[in-house]
Amino acid sequence: MDLSIMDLSTTSVLNVDDYPPGLYARTKILRQAGFQVLEATTGRETLKLVSERLPAVVLLDVNLPDMHGFEVCRQIRTNPLLAATTILHISASSVQEHQQVNGLNTGADGYLIEPVDPSVLVATIKAYLRVRQAETALRRSNEDLERFAYRVTHELNEPLRTITMHSQLLEERLAGKLDPEVLKSFEFVQEGARRMRAFVDDLLRYSQATHAGSDVRPLDMEALLSEAINSLGAAIQESGAKITHDPLPVLVADARVEHVLQNLISNAIKYSRKDVTPEIHVAAKLEGNAWQFSVSDNGIGIEPRYQQSIFEVFQRLHGRDIPGTGVGLALAQKIVQTNAGRIWVESQPGAGSTFYFTIPAEAATAVQTSL
């Protein structure tokens, strides 16, 4: 709903200040603007009211008698149920740049320096509420899209399973009675059903990758690589691919990172050259504050004009000549991005490709130290 027409009396603001005149003046301004106002004078009282009353905005004085405003903000941010709460620090004494930076780094959305003009104060709160409202609408839209995608994939998979199963049963019952052309038709039906099932499964995974996964934990990347190689065992055996790797780190990330490795290795096999044995090498090195992983191959390569578009969903450079759904790299990019990383490719046609992706290293370092 547009904040210009909504009833602000339903929007609560928690006004926190241990200086009575300042507390009174701001509360009066906010109530005159139409907000519902709660008051607190200590950090502990603030934490209690935020948990019990769930205000939309906390106008938080930096200097409180029992605990620092930065600590109050940090504790609020540790509660996932309060993620939508807007926190604005306000102070007349803690006005240095490093203090403002510290305040924002603890999780505050903004930092106001007193004296603040009443009209500016009200307009600032409304502006932050509009941002929160847009974020909430986007999150709900994404949730609706995920539910829709799940329902569609479920409804499509059932008839696809029926088609596959009954065509196989018919083929078995009529074994020895069918001419080669009819047998070929059965193969086309079953292959089409398999492609469609792979497509809807990838589409569901892509829709679910919009937000960070819940399975965030320490990951042994060498173990994940072994699992990815095992999953691709048939393709590796058929192609004769040789896969090597450097020592890989342990890091904290979404467990779906395994899918990124598996997809990149699978693509390296699929897009190999016919005249050479596929050779794939996986490496990792620390670059600044992130681990940079690479998957290199000696395959057909990618023309420069396609090196960005290949990460777009449903993008397929070779049509039906090479099996795939056009979702794999787009999904890999989504997974990497939800882990605060990025993914890209460097390639020359006929000379192979190297795909790179990054994962922040701060958590990884902590995990390795504790092992």
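User: Which residue takes a positive phi near 80° in the hairpin of β11 and β12?
Analyst: This is a predicted model: local features need pLDDT of at least 70, side-chain atom pairs count only at pLDDT 80 or more, and totals for chains, interfaces and linings use all residues. Numbering starts from 1 along each chain as its sequence is written, and side-chain values use heavy atoms, leaving out hydrogens and water. Strands (E, at least two residues) and helices (H or I, at least four) are DSSP runs, numbered from the N terminus. The hairpin has 5 residues between its strands, and the residue with the positive phi is Gly 350.

User: What is the bridge partner of Glu 346 in β12?
Analyst: Strands pair if DSSP finds at least two bridges between them. β11 and β12 meet this with 5 bridges, in the antiparallel sense. Within β12, Glu 346 has as its partner Thr 354.

User: What is the strand order of the open sheet with mixed pairing?
Analyst: Its edge strands, each pairing on one side only, are β7 (242-245) and β11 (343-347). Neighbouring strands are turned by 20° against each other on average, direction ignored; axes are lines fitted to C-alpha atoms, for helices over the stretch in contact, and angles run from 0 to 180 degrees between N-to-C directions. The sheet has 5 strands, in the order β7-β9-β10-β12-β11.

User: Which residue in β12 stands opposite Trp 291?
Analyst: β10 and β12 run antiparallel, joined by 7 bridges. Opposite Trp 291 stands Ile 359.

User: How many of the 8 residues of β12 are buried?
Analyst: Buried means under 20% relative accessible area, exposed means over 50%, and partly exposed lies in between (1.4 Å probe, protein chains only). β12 is largely enclosed by the rest of the structure, because the buried residues among its 8 number 7.

User: Are the rings of Phe 293 and Phe 357 stacked or edge-to-face?
Analyst: The whole structure holds 4 aromatic pairs, where rings of Phe, Tyr and Trp (its six-membered ring) pair if their centres lie within 6.5 Å; planes under 30 degrees apart count as stacked, over 60 as edge-to-face and the rest as tilted. This pair links Phe 293 in β10 (residues 290-297) to Phe 357 in β12 (residues 353-360), 64 residues apart. With centres 5.0 Å apart and planes at 15°, the pair is stacked.

User: Is Phe 293 buried or exposed, and what about Phe 357?
Analyst: Phe 293 has a relative accessibility of 1%. Phe 357 has 0%. Phe 293 and Phe 357 therefore both count as buried.

User: Which residue lies over the face of Trp 344?
Analyst: A charge sits over a ring if NZ of Lys or CZ of Arg is within 6 Å of the ring centre and within 35 degrees of the ring normal. At 3.9 Å from the ring centre of Trp 344 lies Arg 342.

User: What is the strand order of the open sheet with parallel pairing?
Analyst: At its edges are β2 (36-40) and β5 (110-113), each pairing on one side only. Inside the sheet, 5 bridges join β3 (residues 57-61) to β4 (residues 86-91), running parallel, and Leu 59 has Leu 88 as its partner in β4. The 5 strands follow the order β2-β1-β3-β4-β5.

User: At what angle to β4 does helix α5 run?
Analyst: Helix α3 (residues 69-77) lies across β3, β4 and β5, at about 175° to β4. Helix α5 (residues 118-173) also lies across β3, β4 and β5, and its angle to β4 is about 155°.

User: Which residues does Ala 228 touch, not counting those up to four places away in sequence?
Analyst: Ala 228 sits in helix α7 (residues 221-231) and is buried, at 0% relative accessibility. Its C-alpha atom is 4.9 Å from that of Gln 262, 34 residues apart along the chain. Contact means heavy atoms within 4.5 Å, and on that basis Ala 228 touches Glu 258 and Gln 262.
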